[in-house]
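Dear colleague,

Please find below the structure that I am handing over to you. My findings follow it.

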Amino acid sequence: MLQRCEACGAFAYPAREACPACLSAGLAFVDAPRRGALLAETTARVPSDVYFRERAPWRIGLVKMDCGPTMVAHLHADCVEGAPVLMSFQLDKSGQAVAFARPEGETPNMADDRQWREMTADPKFRRVLVTNGRSVIGQEAVAALKAAGAKTVFVGVAEPWRPFGGEQLLRGQQGIEVVTLDASDEKSATDLAADIGGKVDILVNTTEYVRPGGLLDRRGTSTARDEIDQAYLGFINLAQAFGPAMRMRGADGTNSSAAWVNILSVYALANWPAFGAYSASQAACLSLSHCLRAELRPGGVKVMNLFTGPVDTEWFQTVPPPKVAPRAVAQAIVSGLRGGLEEMYVGDVAEEIRQRLAANPKALERELDK
Amino acid sequence: MQGKNLLELAGAISSGAVRVVDLTFTLSPDFPVIVLPPEFGQAAPVRIQEISRYDGRGPAWYWNNLTFGEHTGTHFDAPIHWFTGKDLPNNSVDTMPPKDMIAPACVIDGSAGAAQDPDFLLTVPLVEAWEAKHGRIPERHWVLLRTDWSKKGWRDYANLRDDGAHTPGPNAAVMKWLVEERGIIGFGTETIGTDAGQAGHFEPPYPAHHFLHGAGRYGLQCLCNLDQLPATGAIIVASPLKIQNGSGSPLRVIALVGAS
């Protein structure tokens with residue numbers, strides 16, 4: 001996104017108060033064409049900043065955008081002076097958006113570029129913990145992460161004495177390690193972190209506890225308590241068990257920790273009374289995720305929230321389509337990590353809620369109550 | 001009984017002449033709990049959360065907060081647990097007579113049958129065969145069904161399959177007979193539940209619960225070390241937590257075994 005003059009159409013960068021071409025004050029941020037050309041490149045061999053000094057040499061360059069402005073950008077190793085590049089804003093390790101230039105076309109092993117990997121959390125070569133392998137989303141996530149080149153996928157299974165559907169897809173597979181983890185149990189999370197906490201590069205929190213009902217159609221707090229135990233306290237247990245080591249390992253050479261992924265209901269943003277108490281538990285987790293993001297940031301570890309509408313699973317059986325396929329959630333996890341994103345909306349329902357919330361929150365509240 | 005005899009008992013316990021056998025599993029989050037269809041309410045699992053451990057949260061002391069359902073770990077079932085016992089007097093763990101907490105036990109060994117068939121059922125003929133050897137089961141005695149189920153790993157212990165749990169227990173006829181013809185004080189098992197894993201399909205469903213609690217009797221489950229008890233003569237001490245209107249409770253079950 002760049003500023004574009006609403007009067008003359010010129011793009012402006014860096015951000016300004018008035019259009020440099022016509023002095024109009026109407027400069028709105030819009031999606032800008034991403035193509036440009038690399039004017040000049042240089043390699044910083046002894047950067048003054050400690051972070052970059054550890055990673056030197058570091059290539060940066062000047063890119064002349066096709067839409068006008070010239071920008072300083074981090075460079076993919078395959079960018080060549082004079083050649084066209086594709087620009088994007090990436091979140092660096094400190095959470096700042098920075099310009100990054102990649103070659104326009106595909107190059108061999110393009111995603112493996114050292115500087116690109118610093119800006120993203122690509123699961124390739126990394127060790128991932130999927131916290132709940134009992135759920136369909138968990139199992140799809142394991143498959144997708146493995147297919148994306150994850151070195152090891154640890155899969156948490158609570159109450160291992162209880163068989164579950166899809167178990168044979170996880171046990172005895174190359175590169176997949178089934179571990180005992182009940183996120184809602186403090187000791188279970190701590191015990192597992194003692195074993196593997198030092199080698200979890202990416203944690204994918206696939207806790208899933210969906211129950212229908214709001215306040216008046218339920219009796220007592222047992223179900224609400226389960227929702228809180230599983231989703232909210234489970235999140236806290238995982239964060240306290242795995243978070244500190246992940247934050248410490250944010251710059252641990254090439255095997256550093258990189259990201260934490262939460263799968264949240266989009267109704268964390270706006271309560272859906274049919275699943276009202278569940279929505280509230282998700283809202284609590286959303287708030288917690290912002291806290292976690294701030295606390296992991298000093299270590300350079302990203303927190304990605306993935307918002308979904310109703311997923312095509314048992315507990316949403318009574319909900320009419322459209323529903324999100326668990327596989328789509330799993331693929332979104334991988335693509336989000338590859339892009340180094342902080343937020344993703346998966347499926348039409350989630351995207352629609354996002355837009356309607358931005359446009360008119362009160363209207364959305366009224367509509368969700370049908 | 002003379003106070004002197006009680007002192008003799010205490011001395012025998014202290015000297016080891018009377019053995020004290022612990023029939024209890026450690027209460028822990030790892031221990032399997034009853035699994036109901038997910039649309040029903042579920043027992044809260046056992047959770048142990050540290051309040052402090054000689055640290056900033058409490059420099060000199062260690063203690064925990066506990067949460068668990070009434071029917072977790074080695075536990076006791078009171079008559080109020082089942083609909084058949086809901087209107088009986090003194091039917092909950094806080095109102096039951098304390099004298100019922102200490103009673104002798106008859107231990108029936110079903111381990112051979114259970115080893116061959118996870119759905120092994122205790123029947124009237126099997127109990128009659130036991131009586132032929134050890135004598136008639138006296139009134140107000142516990143009947144404990146030994147299956148060696150407690151020696152299994154958790155997965156085999158719960159033994160859940162697509163159609164539910166497959167674990168041994170009593171059939172309907174023997175429960176009715178033990179309660180009505182023998183007047184037992186309660187029935188105890190090594191498995192999760194006094195009833196067999198498939199007892200939901202029996203007539204009536206869950207006959208151990210149905211007949212025991214309907215007659216004001218008690219249940220004990222998730223017991224271990226039953227193989228260390230004699231067929232007759234052991235005294236069971238089973239005193240549940242005094243939970244207000246409680247339907248049951250995890251508890252420490254011990255057996256006193258005299259010299260043979």
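A nonpolar core is understood here as a set of buried Ala, Val, Leu, Ile, Met, Phe, Trp, Tyr and Cys residues joined through C-beta atoms within 7 Å. Please bear in mind that the model is predicted.

The largest such core comprises 74 residues, and L203(A), L306(A), V329(A) and I333(A) have the most contacts inside it. Helix α6 of chain A (residues 222–248) supplies the largest share of this core, namely eight residues. Apart from it lies another core, of 56 residues, which includes V46(B), W130(B), L212(B) and L223(B).

As for I333(A), its contacts beyond the neighbours within four places in sequence are A141(A), A144(A), V204(A), V261(A) and L306(A).

In chain B, a pair of helices deserves mention. The axes of α5 (residues 172–180) and α6 (residues 207–214) of chain B come within 9 Å and cross at roughly 15°; α5(B) and α6(B) are therefore roughly parallel to each other. The crossing of α5(B) past α6(B) is right-handed. On the α5(B) side, A172(B), M175(B), K176(B) and V179(B) take part, and they meet P207(B), A208(B), F211(B) and L212(B) of α6(B). By class, this contact has seven nonpolar residues, one charged residue and no polar ones.

Finally, P321(A) is found in the loop between β14 (302–308) and α8 (326–339) of chain A. Is P321(A) buried or exposed? With 9 other C-beta atoms within 10 Å, P321(A) is exposed, since a residue counts as exposed at 12 or fewer. Between P321(A) and P69(A) there are 252 residues in sequence and 45 Å in space, C-alpha to C-alpha.

With kind regards

Technical notes: Residues are numbered from 1 along each chain as its sequence is written. Chains are lettered from A and ligands numbered from 1 in the order in which they are written. This is a predicted model: local features need pLDDT of at least 70, side-chain atom pairs count only at pLDDT 80 or more; totals for chains, interfaces and linings use all residues. A residue is buried if 20 or more other C-beta atoms lie within 10 Å of its own, exposed if 12 or fewer, and partly exposed in between; C-beta atoms are placed from the backbone. Helices (H or I, at least four residues) and strands (E, at least two) are DSSP runs, numbered from the N terminus. Two residues are in contact if their C-beta atoms, placed from the backbone, lie within 7 Å. Axes are lines fitted to C-alpha atoms, for helices over the stretch in contact, and angles run from 0 to 180 degrees between N-to-C directions. Angles under 35 degrees count as roughly parallel, over 145 as roughly antiparallel, 65 to 115 as roughly perpendicular and the rest as oblique. A crossing is left-handed if the near helix is turned anticlockwise from the far one by less than a right angle, and right-handed if clockwise. Ala, Val, Leu, Ile, Met, Phe, Trp, Tyr, Cys and Pro count as nonpolar, Asp, Glu, Lys and Arg as charged, and the others, Gly among them, as polar.
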